[in-house]
Amino acid sequence: MSQRRTILATLFPARVTQWFGPALVAGGAAAIIGVVTVTSGVLDLTASTPHPQGWATFLHYVFNRSVAHHSADLTPPADLDSEPRIIKGAVYYSRVCANCHAGPGFGQSPVALALRPQPQYLVTQAKLFDASGLFWIVKHGVKYSAMPAWTTQSRDDEVWSIVAFLRALPGLDNARYQALAGMTPDPVPAAAPAQGEGSYHPDIAMNNGGTDAVPDYSVSRPAVAFGRGSIGADPTLACVQCHGADGAGRAGAPFPNLTLLDRVTFKKALTQFATGARHSGYMQPVAAQLTNAQIDALTAAFGAMPRRPSPQFAATPAQLALGEQIANKGIPAARVNACQICHAINRADSKLYPAIAGQNVWYLRDQLALFRAGQRDGGDPINPMLAAAHGLTDPQIAAVSAWYAARPPEAPAAVPENPKTAAD
């Protein structure tokens, strides 16, 4: 019995200080084993080998807990589920996110399914996250995966538009998805092959356990293919999905009417998007692909288009009356000057005062909200619009946007192109 007590006392000392030695020895041994394991190269980090199921489950649990913790205090915007937000998110999703996560009626690319970890099939998986969690994932991305952060961290409005679409995604069929995204309809079989049929990848693990489980991945056909490596010989094709074939934009979507922009404003915007002076997770990835010659070609192409009205929208007489008052008289109590002080003389200098009459109402609302939040300055920190929009409330922004959108477009003065404006 005494021998047994001696062994137990050795293994489990009575005093805390007696644990230090064994703990140091154990820690040192673990460190040596870790160093040898890492430096020897025996760890298999190849993407061709799936994660062990237990390890994959552990990582996904850590990911879920991290998202839940960091997104707990986020508050979604009141209009999160509005049609303009959903449309805006649908366009980006179809052009970028679908390359890995696919869409209704389409399976995932074999290239995407060869990633480790494999990107989820968001048609079924998006509903497993709440709005705040989706926002955190889209904005910040996920380390040690192929999920990138949003291109710019200062455009929460763009991120929320992706969230709006992801919330709607599980309820969309193929036709509605393509219509929201402004896609040229692709032929989809009336009955696509069943989940898992003709799998491209033998290592796909389907999450089919439990009554509430939904498939993690989709190996059905046809699959979404990765896009082209460059913007192509005709850069105008990259603009159609958002701005329409005629450049006037799309009904119910917050994309600007390009036919109402003068050439100087148009070229300046593309250049600033390309260099990152003007922030946008939508426009920077597109504009960054453009050469100077392509920017000039787009400027000439849209500058030559006939001016077209923006899509129709609904506004109440009271809203238009309030908008007219703000535009012509301002809001003295909130130190908001009349908008027309500058924008009524856009014909005199369209570089300083862009024409906004007849512009897309949803686009005007978005831009005023960005100016108010100090998130748009176009590289000019003393832009007068930052102060002009600071005192506006949401209803006032909606009203003045509606008033300008309802006005007939006014042609700005022609601005001759010369070397001095090339850098604007």
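**Overall.** I worked from a predicted model. I then checked burial: buried residues account for 39% of the 424 residues. For the contacts, I took those between residues at least 6 apart in sequence; 71% of them join residues at least 24 apart.

**Helices α4 and α8.** I looked up how helix α4 (residues 83-101) sits against α8 and read an angle of about 90°, with the axes 7 Å apart. Angles of 65 to 115 degrees count as roughly perpendicular, and α4 and α8 are therefore roughly perpendicular to each other. I listed the residues that meet. From α4 they are R85, I86, K88, G89, A90, Y92 and Y93, and from α8 they are D157, E158, W160, S161, I162, A164, F165, L166 and A168. Sorted by class, this contact of α4 with α8 holds ten nonpolar, two polar and four charged residues.

**Helices α14 and α18.** On the α14 side I noted Q319, L320, L322, G323, E324, I326, A327 and N328; on the α18 side, P395, Q396, A398, A399, V400, A402, W403, Y404 and A406. The contact of α14 with α18 divides into twelve nonpolar residues, four polar and one charged.

**Aromatic pairs.** I searched the whole structure and got eleven aromatic pairs. I placed F165 in helix α8 (residues 156-168) and Y177 in helix α9 (residues 174-181), so the pair ties together parts twelve residues apart in sequence. I checked accessibility too, and both F165 and Y177 are buried. F165 is also one of the α8 residues that I listed as meeting α4.

Y92 is among the α4 residues in the contact with α8.

**Charge over a ring.** I asked what lies over the face of Y282. The entry is K88, at 5.2 Å from the ring centre. K88 had already come up in α4, among the residues that meet α8.

Definitions and conventions
Residues numbered from 1 in each chain as written. Predicted model: local features only at pLDDT ≥ 70, side-chain atom pairs only at ≥ 80, totals over all residues. Heavy atoms only, no water. Phe/Tyr/Trp six-rings, centres within 6.5 Å; stacked < 30°, edge-to-face > 60°. Helix = DSSP H or I, 4+ residues; strand = E, 2+ residues; numbered from the N terminus. Buried < 20%, exposed > 50% of the residue type's maximum accessible area, 1.4 Å probe, protein only. Lys NZ or Arg CZ within 6 Å of the ring centre and 35° of its normal. Contact = heavy atoms within 4.5 Å. Nonpolar A, V, L, I, M, F, W, Y, C, P; charged D, E, K, R; others polar. Axes fitted to C-alpha atoms, helices over the stretch in contact; angles between N-to-C directions. Parallel < 35°, antiparallel > 145°, perpendicular 65-115°, else oblique.
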